[in-house]
Amino acid sequence: MKHHIRLRRISGLALPSLFAAALFAAAPFVSAQAQQQHAHVHGQMKLDVAIDGPTVVIDMESPLDNIVGFERAPKTDAEKATVEAAVAQLRAADKLFTIDPAANCKLGPVDLRSGALGLGNPDPNEPPGHADLDATFSFNCTNAAAAKFIDLNLFSVFKGLRQIDSQIASAQGQFKRQLKRPAGAQAAQPARLSWGK
């Protein structure tokens with residue numbers, strides 16, 4: 001499991017990346033086996049959600065294959081068009097992630113990282129031939145603490161995705177959730193990632 005500690009500027013405030021803190025704090029309930037399962041498994045995506053102050057930040061790690069259907073730089077015009085469409089969908093993250101309306105959130109900065117696609121500052125330890133697409137989606141909210149769920153449109157948009165493993169750090173506590181691709185027509189519906197007691 002990657003641990004990133006960095007400062008992120010959101011709405012004029014310098015906030016430490018909540019993921020490192022959430023992941024370190026969550027260590028007691030995350031087994032070594034669970035930590036290793038996120039080592040680039042096709043069909044699986046990892047989402048870490050941190051809610052702190054006025055922000056909801058979603059950190060995503062996914063094999064590139066889940067997003068575009070291949071794990072290298074695009075070669076053909078069709079592959080380039082597929083990548084452009086996927087990048088546009090990820091940049092419009094408020095269409096992929098619908099946060100509980102009680103939180104009143106608006107999409108903020110989106111940071112996409114992929115060495116194969118030449119995006120951002122990708123992980124230098126990524127093994128060749130197994131390209132990833134990682135992203136951080138920041139949402140600025142008037143009442144982030146009120147959020148109890150996020151509706152995810154990831155299964156309907158990314159056909160290679162079969163499972164989402166998530167950790168959530170919020171004022172209500174820390175939670176682990178796993179969502180699987182619904183069968184049939186249900187796959188076109190948003191999948192609800194919920195937390196709380």
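Visitor: In this predicted model, does Asp165 count as buried or exposed, and at what relative accessibility?
Guide: The model is a predicted one, and within it Asp165 lies in strand 9. The C-alpha atom of Asp165 is 7.6 Å from that of Lys176, a residue 11 positions away in sequence. Since the cut-off for a buried residue is under 20% relative accessible area, Asp165 counts as buried, at a relative accessibility of 7%.

Visitor: Which strand does strand 3 join in the parallel sense, and through how many bridges?
Guide: Strand 3, residues 44-52, is mostly covered, with 7 of its 9 residues buried. One of its bridge pairs sets Met45 against Ile164 of strand 9. The parallel partner of strand 3 is therefore strand 9, residues 163-170, and the number of bridges between them is 7.

Visitor: Which residue in the turn between strand 3 and strand 4 has a positive phi?
Guide: Strand 3 and strand 4 (residues 55-63) run antiparallel and are joined by 7 bridges, with Val49 standing opposite Ile58 in strand 4. The two strands form a hairpin with 2 residues between them. The turn residue with a positive phi, of about 55°, is Gly53.

Visitor: Where does Asn104 lie, and what is its phi?
Guide: Asn104 is found in the loop between strand 5 and strand 6, the latter spanning residues 105-113. With a relative accessibility of 38%, Asn104 counts as partly exposed. Although Asn104 is not a glycine, its phi is positive, at about 50°.

Visitor: Why does the aromatic pair of Phe97 and Phe137 count as tilted?
Guide: The structure holds 1 aromatic pair. The ring centres of Phe97 and Phe137 are 5.0 Å apart and the ring planes stand at 50°; because planes under 30 degrees apart would count as stacked and those over 60 as edge-to-face, the class that remains for this pair is tilted.

Visitor: How many residues apart in sequence are the parts that this pair ties together?
Guide: Phe97 belongs to strand 5, residues 97-99, whereas Phe137 belongs to strand 7, residues 132-141. Both Phe97 and Phe137 are buried. The pair therefore ties together parts whose separation in sequence is 40 residues.

Visitor: Over the face of which ring does Arg192 lie, and at what distance from the ring centre?
Guide: Strand 11 pairs with strand 8 (residues 149-152) in the antiparallel sense over 4 bridges, and Arg192 is the bridge partner of Asp151. Arg192 is partly exposed, with a relative accessible area of 46%, and, leaving aside neighbours within four places in sequence, it is in contact with Phe149, Ile150, Asp151 and Leu179. The C-alpha atoms of Arg192 and Phe149 are 6.6 Å apart, although 43 residues separate them along the chain. The ring over whose face Arg192 lies is that of Phe149, and the distance to the ring centre is 3.6 Å.

Visitor: What share of the contacts with a separation of 6 or more comes from residues 24 or more positions apart?
Guide: The chain comes to 6 helices and 11 strands, and of its 197 residues 46% count as buried. Among contacts with a separation of 6 or more, the share from residues 24 or more positions apart is 65%.

How values were computed: Residues are numbered from 1 along each chain as its sequence is written. This is a predicted model: local features need pLDDT of at least 70, side-chain atom pairs count only at pLDDT 80 or more; totals for chains, interfaces and linings use all residues. Side-chain values use heavy atoms; hydrogens and water are left out. Rings of Phe, Tyr and Trp (its six-membered ring) pair if their centres lie within 6.5 Å; planes under 30 degrees apart count as stacked, over 60 as edge-to-face and the rest as tilted. Buried means under 20% relative accessible area, exposed over 50%, partly exposed in between (1.4 Å probe, protein chains only). A charge sits over a ring if NZ of Lys or CZ of Arg is within 6 Å of the ring centre and within 35 degrees of the ring normal. Contact means heavy atoms within 4.5 Å.
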